[in-house]
Amino acid sequence: MSRDPWLQNYDATCRLAQEIAENIQERNRLQRTDGSTVKITMTLKASFQKLKQQITQLREQLLRLNSSRQIIQSEGDRRQNLLDDLLSQEKRLQMSFKNDGTEPNASRSNLMTGGYGNLGGPVNPWLLDEPEETRGLGIKEIQQQQQRIIEVQDAGLDALASIISRQKQMGQDIGNELDEHNEIIDDLAHLVDKTDSRIRNETHRVQTVEKKSASCGMLVVIILLLIAIVVVAVWPTS
């Protein structure tokens, strides 16, 4: 028996989310080693679009299943919880993706003075918006701080990937259990059909025996009547 299409789509969406988490980790690794992230960033954007579409499809499919009563209430609630968890994971992945921690290529002195150094000139407006966390830090210190942030982010992505993997396994286990239940139901239906057929056969046999019994009884009565008539006819009258 084929597996539930909704659970199949859910498993595929979990795999896509896990792939996105792994690609974000790879992008962060490339950033730390000054590697090019253009290609993987484009891949991530396309994957996020696909993830959003698949989650929308899961929501619409679940709505149709509930409205048509193809699944029981408790199963509908359980699948809604799985879908809500998947939506939360998508938001966390989006936050991790946007927090890329990219550092400007220009030196800190050029960034703060607009490229004029100590020669004067217009003040770079970024100087006024410099966050308190990086104020007074050198380029190397800022890079070290950003690397620590990325490492914390990677640890969070590892945990998120682990959660997605567990949810995927849960979905597979639930699908296998549903398959086993469906097989049991099919076996029961087959057994009921066989029992019903046997009952019909036995009922027919009983009816046939009853008809034969009724015919034999009538024949005995007729024979007894004939004997009585003969006896009366030959009995000498006084």
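The following exercises, with worked solutions, concern the predicted model shown above. Local features require pLDDT of at least 70 and side-chain atom pairs pLDDT 80 or more, while totals for chains, interfaces and linings use all residues. Residues are numbered from 1 along each chain as its sequence is written, and side-chain values use heavy atoms, without hydrogens and water.

**Exercise 1.** Determine the secondary-structure elements of the protein chain and the share of its residues that is buried.

*Solution.* Step 1: helices (H or I, at least four residues) and strands (E, at least two) are taken as DSSP runs, numbered from the N terminus. Step 2: the chain has five helices and zero strands, in the order α-α-α-α-α from the N terminus. Step 3: buried means under 20% relative accessible area, exposed over 50%, and partly exposed in between (1.4 Å probe, protein chains only). Step 4: 27% of the 238 residues count as buried.

**Exercise 2.** Locate E180 and I223, and assign each to a surface patch.

*Solution.* Like charges are joined within 9 Å, and nonpolar side chains (Val, Leu, Ile, Met, Phe, Trp, Tyr) within 5 Å. Step 2: E180 lies in helix α5 (residues 139-234) and is partly exposed at 48%. E180 belongs to a negative patch with D173, E177, E183, D186 and D187; Asp and Glu count as negative. Step 3: helix α5 also holds I223, partly exposed at 42%.

Definitions and conventions:
Patches are made of residues with over 30% relative accessible area and no salt bridge: like charges are joined within 9 Å, nonpolar side chains (Val, Leu, Ile, Met, Phe, Trp, Tyr) within 5 Å. Accessible areas come from the Shrake-Rupley method with a 1.4 Å probe; for residues, only the protein chains shown count as cover. A salt bridge is a side-chain nitrogen of Lys or Arg within 4 Å of a carboxyl oxygen of Asp or Glu. The place of a charge is taken as NZ of Lys, CZ of Arg, CG of Asp or CD of Glu.
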